[in-house]
Amino acid sequence: MPVTRRTFLQSSGGAALVPVAAGVEAATPRSAKTTPARPTAVAYQFFRADESPFIEAAVERLIPPDEIGPSALEAGVPGYIDKQLAGAWGAGERLYRSGPWQPGAPTQGYQLPFTPAELFRTALRGVRNDLQRAGRAAFEKLPGAEQDAYLTLLQTTPRDLGGVPANVFFESLLGMTIEGYFSDPVYGGNLDMAAWKMIGFPGAYGAYYDLVDKHGQRFEGEPRSLGENGRGAIRIMPAIPATAGHAGMHAPAPARAQAKKS
């Protein structure tokens, strides 16, 4: 089935690991365009030269461009993911790390010993090795249909990617792609607030005092970012620590309790 925005939004779900958005110092100008210009020459902080092509190609297949809105690549999602993995969340600052490490029930969430950064680095190396063993080209060089088929393989099987189950990696990648696409651009994704314009989300208005008496009227204001100043420029925020319990990041604790009972 062709990948469309409708089928993506219908099928997308939660992720094994999803960060509380963190940022770095930068500035993003506001634009009235619905579809941002395609990003060029991203200066990655975390991804290596042999890793970023997979991320860019993969997110482009997960959220492809269409007449409704931009692709994940056009919306700057790779840069968003990179910033999260390069920061405190990627280092597992508040991630439970004491073990024991064993498979848990689906309700227990993420159960691996890897920090988010370790999970991505290990899985990306595993993907390269997996394709090389099969005598295939690098993921970013495969035709679109073959990329989709490989992503489906990652999504639906626990095949080993150097210690990371493929389905866990896929759910983490998908979750971060969705978050980077729809998050406030202050965190590095959703360039030009294109995703918000696409769905009609107003963003972070401080007050609607001047609109309280305008009942039954469609809101037509441009979306606003948390970090937007009076001139429409967006300052990407410095790193924000992850909060306890977000996205099940403390999930190994229940598995530990379960292990003691058995």
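**Close-up 1. Helix 2 passes helix 3 in a right-handed crossing.** A crossing is right-handed if the near helix is turned clockwise from the far one by less than a right angle, and left-handed if anticlockwise. The model is predicted: local features need pLDDT of at least 70 and side-chain atom pairs pLDDT 80 or more, while totals for chains, interfaces and linings use all residues. Residues are numbered from 1 along each chain as its sequence is written, and side-chain values use heavy atoms, without hydrogens and water. Helix 2 spans residues 52-62, and its axis lies 9 Å from that of helix 3, at an angle of about 125°. Helices are DSSP runs (H or I, at least four residues), numbered from the N terminus. Axes are lines fitted to C-alpha atoms over the stretch in contact, with angles from 0 to 180 degrees between N-to-C directions. The two helices, helix 2 and helix 3, are therefore oblique; angles under 35 degrees count as roughly parallel, over 145 as roughly antiparallel, 65 to 115 as roughly perpendicular and the rest as oblique. Ile-55, Glu-56 and Val-59 of helix 2 meet Val-77, Pro-78 and Ile-81 of helix 3, where contact means heavy atoms within 4.5 Å.

**Close-up 2. Helix 3 and helix 6 also cross in a right-handed way.** The axes of helix 3 (residues 77-86) and helix 6 come within 9 Å and cross at roughly 115°, so the helices are roughly perpendicular to each other. On the helix 3 side the contacts involve Val-77, Tyr-80, Ile-81, Gln-84 and Leu-85; residues on the helix 6 side include Leu-173, Met-176 and Tyr-181.

**Close-up 3. Phe-54, Phe-120, Phe-139, Tyr-150 and Phe-169 form one aromatic cluster.** Rings of Phe, Tyr and Trp (its six-membered ring) pair if their centres lie within 6.5 Å; planes under 30 degrees apart are stacked, over 60 edge-to-face and the rest tilted. The count is 8 aromatic pairs. Phe-120 and Phe-169 have ring centres 5.3 Å apart and planes at 75°, so this pair is edge-to-face. Phe-120 belongs to helix 4 (residues 116-133) and Phe-169 to helix 6 (residues 166-182), so the pair ties together parts 49 residues apart in sequence. Phe-120 is buried at 1% relative accessibility, and Phe-169 is buried at 0%. Buried means under 20% relative accessible area, exposed over 50%, and partly exposed in between (1.4 Å probe, protein chains only).

**Close-up 4. Trp-196 and Phe-201 form an edge-to-face aromatic pair.** Their centres are 5.1 Å apart, with 80° between the planes. Trp-196 is buried at 5%, whereas Phe-201 is partly exposed at 38%.
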